Amino acid sequence: MGEDKFLQWKDDYSFEKCKLGRKPYGEFLSSYIRTQNSPLVLNLDGSWGVGKSHFLRQLYSDLRFKHFLPVIHIDAWVSDFSDDPLLVIISELLEQMALINTVENSAQQEKVIFEYAAKYSKKAWNLLAITGGVVAAGVVNNGAAVEIAKNFTFSDSEFQEVGKKLNEIYQQQKEAIEEIKTSLNHFAELYERQGGKVFILIDELDRCRPNYAIEFLEVIKHFFDLKDYVFVIATDTEQLSKSIKAIYGSEFNGKEYLTRFFARTAKIPQPDFKAFALLMLNNSKIAERIERLFLIGDENSTAGLAHIFSVVACIYDLSLRKFEQLFAKYESIVMYCDNHIFDSRLLLQLICEFEDEFYRDSYDLKRRVRKLSHYELTEKQKTIKGYNLIHSIDVAFKGLSRDRQLEFEGETNLFKEAYKFAHLYGKVTGSRTDSNVMFAKIALKESNNENKEYFLFLNALIPHDDNAKFWTINDYFKYIELAHEIE
C-alpha cells in the first residue's frame with residue numbers, strides 16, 4: 001500500500017510540543033469532536049497565515065497517535081486538478097485506512113477492511129458514473145484512484161453498468177447512494193472499539209478553484225452525512241465566501257451559503273507570540289548578540305525582546321505568517337548592522353507599517369515629512385478608521401479589544417518616545433557621518449525631557465561604547481527598505 005508518510009507527524013506535529021500555546025485549545029477541540037453522537041461537519045476557521053495547516057496536522061496526530069482513532073487527512077488543493085471531489089475522498093479513504101490498519105498490525109481486521117474496500121470502490125465508481133462523474137471506459141482524472149483501483153477486479157458487465165446515465169437509471173442511482181452509505185457505516189463499524197467513528201480532516205479548501213471548493217462541500221453534505229463520520233474542514237471563511245461570490249455574483253451572501261454545509265464553526269485562536277518569538281530568537285544568532293542590542297529597562301534579554309515582538313504583533317494584528325516575515329526582516333537587519341545601536345521597538349513598528357497596506361501611508365508620511373509636529377495619518381486613513389488621532393501607533397492600539405488595551409497600556413508611549421528621540425538625535429548630529437552613542441547621550445540631555453521614558457533611554461545607553469554607531473531616523477528608513485525583500 002506504500003509508505004505511511006503520516007508517521008513523521010507524530011514527532012513533528014503534536015499539541016504536547018506546541019510552541020504557539022495552543023495545546024489547551026487543541027485538546028479541548030479534540031475532545032469535542034470525539035464525543036459527538038450526531039453527524040458533524042466542523043468548519044475550522046482561521047485567516048490566512050494563522051497556522052491552520054499546522055493545527056490540523058496536530059489534530060491528526062492527537063486523534064491517531066494519542067487516541068488511536070481512524071483519521072484521514074486530505075489536502076484539497078493538491079487534488080484541485082481533479083473534476084471529482086467524491087473520487088478524491090474515496091481514494092484517500094481507502095488508501096489511508098489501509099495504511100492505518102497495517103500500522104495496527106491486525107491481520108484479521110485488514111482482511112475485513114479489504115473486503116469492504118473492494119465493495120466500496122465498486123459502488124463508488126458506479127455512483128460517479130451514474131451521477132455524470134468521471135468514469136468513461138475506465139479513464140479517470142485522479143492518479144491516486146487509478147492506483148487503488150488496480151487492487152480490485154471489475155468485470156466487463158460492471159464497466160458497462162458504470163457507463164449508464166442518470167436519466168436512464170434514476171432508481172439505480174438512489175439504490176447506489178444507499179448502498180454506498182451502508183458500506184461507509186460498515187467501514188466505521190470496523191473501529192467500534194475505538195468509538196466507531198472515522199475522522200476526515202480536510203485542508204486548503206479555500207485555496208481551490210471556487211467551483212471545485214463548492215463541489216467538495218456538496219459531496220460532504222450529501223454523501224457523508226452519517227452518524228459515524230466527523231469532518232473537520234480548515235478554511236479561511238472570509239476568503240471562501242468571496243470565492244463563492246465569484247461563482248454566484250457579488251450580491252450573493254457567501255457566508256450564509258456556507259451555513260448549509262457546516263454544522264459548527266471553531267475559530268483558531270491567536271498564537272502565543274511571545275513564546276513563539278522566544279523560540280525563534282533562541283534558534284537564531286540574535287540570542288548571542290542580545291547584550292549588544294539597545295533594549296530599555298528589564299527588556300534587556302531575549303525574553304524582553306520576545307515581549308517587544310509580541311506587543312508589536314498584537315498591536316498591528318499580525319498573522320503567524322506575517323509575524324515570521326517580520327522576524328526574518330528584523331534578523332537580517334540585526335546581522336548586517338552588527339555593532340550598530342538602534343531601538344528595536346521603533347524598528348519593528350516601522351517595519352510593520354512599511355509592509356501593511358493601510359499603514360504604509362503613515363510610514364511614507366514619516367519618511368517624507370520628518371517633522372515631529374506633523375500628523376502621521378492621512379485623511380483617508382482617518383476616514384477608514386474613524387479616529388481623529390495624530391500617531392499611527394495610537395490608531396493601531398485603538399483597534400485592540402478592551403482586554404488587550406489594558407494588557408498593553410503604556411506600551412504606545414515607548415513607541416512614540418523612541419520615534420521622537422530619533423528625530424531629536426538627528427538634529428543634534430546634523431550632517432555628521434560618524435553619529436554615535438556619545439552624541440545620542442548629548443541629544444537626550446539637550447532635550448530637557450523629564451518624563452520616565454527619558455530616563456529609560458538614558459540608562460539603556462550607559463552600557464554601550466560611546467563610539468558605536470547610533471541610528472538617526474534616516475537609518476531606520478534605509479535599512480527597513482533594504483530588508484523589504486526578505487520574507
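**Figure 1. Welcome to the whole chain.** Of the 487 residues in this chain, 52% count as buried, meaning under 20% relative accessible area, with exposed over 50% and partly exposed in between (1.4 Å probe, protein chains only). This is a predicted model, in which local features need pLDDT of at least 70, side-chain atom pairs count only at pLDDT 80 or more, and totals for chains, interfaces and linings use all residues. Residues are numbered from 1 along each chain as its sequence is written, and side-chain values use heavy atoms, with hydrogens and water left out. The secondary structure comes to 23 helices and 7 strands; helices (H or I, at least four residues) and strands (E, at least two) are DSSP runs, numbered from the N terminus. Among contacts (heavy atoms within 4.5 Å) between residues at least 6 apart in sequence, 75% join residues at least 24 apart.

Figure 2. Axes here are lines fitted to C-alpha atoms, for helices over the stretch in contact, and angles run from 0 to 180 degrees between N-to-C directions.

**Figure 3. A look at strand 1 and its partners.** Strand 1 (residues 40-45) is largely enclosed by the rest of the structure, because 6 of its 6 residues are buried. L40, L42 and L44 point one way from the strand, while V41, N43 and D45 point the other way. With strand 4 (residues 229-235), strand 1 pairs in the parallel sense over 6 bridges, and L44 stands opposite A234. Strand 5 (residues 264-267) also runs parallel to strand 1, joined to it by 4 bridges. Here R264 is the bridge partner of L42, and K267 stands opposite D45.

**Figure 4. Inside the largest nonpolar core.** A nonpolar core is a set of buried Ala, Val, Leu, Ile, Met, Phe, Trp, Tyr and Cys residues joined through side-chain atoms within 4.5 Å. Not counting residues up to four places away in sequence, L305 touches L281, I286, I290, L293, L295, E299, Y330 and S344. A second, separate core of 40 residues includes L86, I90, L93 and I244.

**Figure 5. Helix 12 meets helix 14.** Helix 12 (residues 273-282) and helix 14 (residues 320-336) pack at an angle of about 35°, with their axes 11 Å apart. F273, F276, A277, M280 and L281 in helix 12 meet L320, F323, E324 and F327 in helix 14.

**Figure 6. A287, in the loop between helix 12 and helix 13.** A287 is partly exposed, with a relative accessible area of 26%. Leaving aside neighbours within four places in sequence, A287 is in contact with L281, N282 and T302. The C-alpha atoms of A287 and L305 are separated by 9.7 Å, and these residues are 18 apart along the chain.

Note on methods. Pairing = 2+ DSSP bridges.
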